[in-house]
Amino acid sequence: MKTLLRLSKLIWSLFPVILLAVFFGVVGHLCAIGIPVLGAVALQGKLPLWILPLIGIARGICHYIEQYNNHFLAFSILAKIREIVFKKLRELGPAKLETKEKGNLISILTSDIELLEVFYAHTISPVFIAIIVSVVMLIFFSQIHIALAFVALGFYILVGVIVPAAVNKSAVKLGTEYREEFGKMNSFLLDCLRGLEQSILYSNGNRKLEAIQSGSDELSATRKKLSVHEGFTAAISGLFVTAGGLTMLAVSLALFHQGQISMEQVIVAVVAMFSSFGPVFAVAALGSGLSGTIASGNRVLALLDEKPVVEDVTALGQAQGTDGFLFQGASSESVSFAYPSNSSEKILENISMDFPKNKIIGIRGKSGCGKSTLLKLFMYFWKADSGSVKISGTDVNEISTKDLRKTESYVTQETVLFHDTIENNIRIAKQDATLEEIQTACKKAAIHDFIMELPMGYQTQVSELGDNFSGGERQRLGLARAFLHDGDFMLLDEPTSNLDSWNEHEIMKAVKESAEGKTVVIVSHRDSTFEFADRVCHLD
């Protein structure tokens with residue numbers, strides 16, 4: 001209930017749509033119940049038969065309008081949820097996403113959110129429809145005899161409340177287990193696809209296939225348990241529906257023999273009882289059917305509940321000037337840091353470094369010594385456990401995040417390219433950049449000539465994950481972004497690791513020529529990268 005109530009809060013802005021769906025749903029179900037009931041009356045010659053087709057047409061129209069409103073509501077909310085989730089992911093930032101299983105995250109963003117359509121389109125209005133229709137039918141039965149109303153009430157509660165409540169705990173447990181296994185399977189498959197070349201190279205394909213088969217079998221076994229549970233719930237509900245109709249027959253016959261109701265009323269009561277379980281039975285089916293939806297809802301809500309490691313700063317820092325943030329150099333003072341996933345292992349411990357304005361500083365050190373981590377602290381992707389990371393004498397957690405990002409240009413070891421044109425892939429560094437500015441940045445990154453040789457030039461489409469470019473080409477496109485962004489504080493993490501000596505020299509020469517008035521920090525394990533550095537520090 002807690003999950004369902006939280007999900008329900010997302011739809012208050014569309015409350016009028018829900019009211020329309022409920023109204024036409026109630027009218028439609030009453031028409032569906034009315035057809036057999038009035039048919040029984042018509043067969044007794046007390047009602048013209050031509051009324052029945054009219055009621056059938058009305059039932060069809062009402063059902064269409066109800067479903068239209070439900071699905072309009074569902075897809076409107078799905079769009080809203082995706083917007084909320086992506087906003088949350090941006091808030092969680094690189095720090096949290098580095099620890100996420102990508103496949104599991106994709107599962108939440110796609111299948112889990114899509115499964116919520118079941119809740120919004122096929123749960124909210126059916127519950128209200130079942131309640132209203134049941135109340136109307138209880139009033140109808142009470143007009144025949146109050147005892148019949150109590151019989152109907154008992155079986156409505158039994159089918160619509162007690163059965164779903166009884167199966168809920170086990171159903172949700174199975175649903176949660178299935179969604180978790182589904183997410184893990186997604187992560188594993190994504191990992192297999194990304195490492196397909198390595199699996200082929202080392203003849204590791206059969207082992208991967210066996211693991212996929214094993215995971216699929218486990219997933220199928222859990223799905224089978226869930227299906228059996230859903231079938232059992234439907235069977236129990238169906239049994240009680242039949243029992244309700246037979247009980248109504250027995251009670252109404254007893255009242256007939258006592259002379260309290262007529263045989264016509266017995267027939268009408270029994271037909272109405274059997275016909276009126278539609279909305280209630282739909283609610284009963286939700287008990288097991290909603291198990292997966294609740295599990296998906298919990299996974300989505302758990303993501304929305306996560307707290308970011310760092311939060312965007314909106315207040316202005318001490319280094320704020322009339323023209324925005326004024327960069328005057330950077331420093332780390334007695335900085336210590338350990339990743340939350342392994343807090344016992346200090347990546348950085350008591351590190352103090354100074355990065356003066358208009359200087360190129362190199363940082364070398366063995367793999368895993370914290371070179372890249374130090375840059376991430378300056379980017380404010382993580383918070384230092386102790387000490388302070390400062391820019392222009394102000395701690396990064398006191399500087400407007402917008403100004404901080406504008407001041408810094410950051411090139412990571414792995415350049416991410418989007419499925420778009422080369423021009424747009426570079427333009428993300430500066431949204432209003434002209435093509436001339438983009439070309440100038442590409443020339444500095446020694447990639448312009450290569451782009452111009454392509455049939456479509458800067459309009460060439462980059463494939464998914466940039467697979468139609470080599471590692472060195474992707475790296476140079478990443479450097480082009482940094483040159484276009486033109487931040488006063490350039491952080492280059494292994495900027496030439498995939499480049500040959502000639503391209504490395506040309507790019508570092510361009511960095512040197514563009515560094516006037518800037519501070520450049522270069523992290524590398526290659527001594528040749530520091531050819532133009534003013535100072536090189538060694539990090540143990």
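Because the model is predicted, local features are described only where pLDDT is at least 70 and side-chain atom pairs only at pLDDT 80 or more, while totals for chains, interfaces and linings use all residues. Residues are numbered from 1 along each chain as its sequence is written, and side-chain values use heavy atoms, with hydrogens and water left out.

A careful reading begins with confidence, which is expressed as pLDDT, the predictor's confidence in each residue on a scale from 0 to 100. For the protein chain the mean pLDDT is 85, and 95% of the residues reach 70 or more. The elements named here, helices (H or I, at least four residues) and strands (E, at least two), are DSSP runs numbered from the N terminus. Confidence is highest in helix α13 (residues 422-427), with a mean of 93, and lowest in strand β1 (residues 320-321), with a mean of 45. Over residues 317-323 the pLDDT is below 50, and this stretch has 14 contacts in the model beyond near neighbours in sequence, where contact means heavy atoms within 4.5 Å. Where pLDDT is low, the predicted coordinates should not be read in detail.

We can now turn to the helices and how they pack. Two packed helices are described by the angle between their axes and the distance between the axes. The axes are lines fitted to C-alpha atoms, for helices over the stretch in contact, and the angles run from 0 to 180 degrees between N-to-C directions. In words, angles under 35 degrees count as roughly parallel, over 145 as roughly antiparallel, 65 to 115 as roughly perpendicular, and the rest as oblique. A crossing is left-handed if the near helix is turned anticlockwise from the far one by less than a right angle, and right-handed if clockwise.

Helix α2 (residues 15-43) and helix α3 (residues 51-97) have axes that come within 8 Å and cross at roughly 155°, so that α2 is roughly antiparallel to α3. The crossing of these two helices, α2 and α3, is left-handed.

Helix α8 (residues 205-257) packs with α9 at an angle of about 165°, the axes lying 9 Å apart, and α8 is therefore roughly antiparallel to α9. The crossing of α8 and α9 is right-handed. Among the residues that make this contact are Val241, Gly244, Gly245 and Phe256 of α8, together with Met263, Val266 and Phe274 of α9.

Helix α14 (residues 435-444) and helix α16 (residues 471-485) pack at an angle of about 125°, with 8 Å between their axes, and α14 and α16 are therefore oblique to each other. Here α14 passes α16 in a right-handed crossing. The residues that meet include Ile438, Ala441 and Cys442 in α14 and Ala480, Phe483 and Leu484 in α16.

Histidine 29 lies in helix α2 and is buried, with a relative accessible area of 18%. Leaving aside neighbours within four places in sequence, histidine 29 is in contact with Arg59, Ile129, Val133 and Pro279. Serine 276 sits in the loop between α9 (263-275) and α10 (277-305), and, at 2% relative accessibility, this serine 276 also counts as buried. Not counting residues up to four places away in sequence, serine 276 touches Ile33, Met137 and Tyr156.

Serine 334 lies in strand β3 (residues 330-337) and is partly exposed, with a relative accessible area of 35%. Glutamate 494 is placed in the loop between β9 (489-493) and α17 (501-514) and is buried, at 9%.

Finally, the structure holds 0 disulfides, a disulfide being a pair of cysteine sulfur atoms within 2.5 Å. For cysteine 62, the nearest cysteine sulfur, that of cysteine 31, is 5.3 Å away, and cysteine 62 is buried, with a relative accessible area of 8%. For cysteine 369, the nearest cysteine sulfur belongs to cysteine 537 and is 12 Å away; cysteine 369 is buried, with a relative accessible area of 8%.

How values were computed. Buried means under 20% relative accessible area, exposed over 50%, partly exposed in between (1.4 Å probe, protein chains only).
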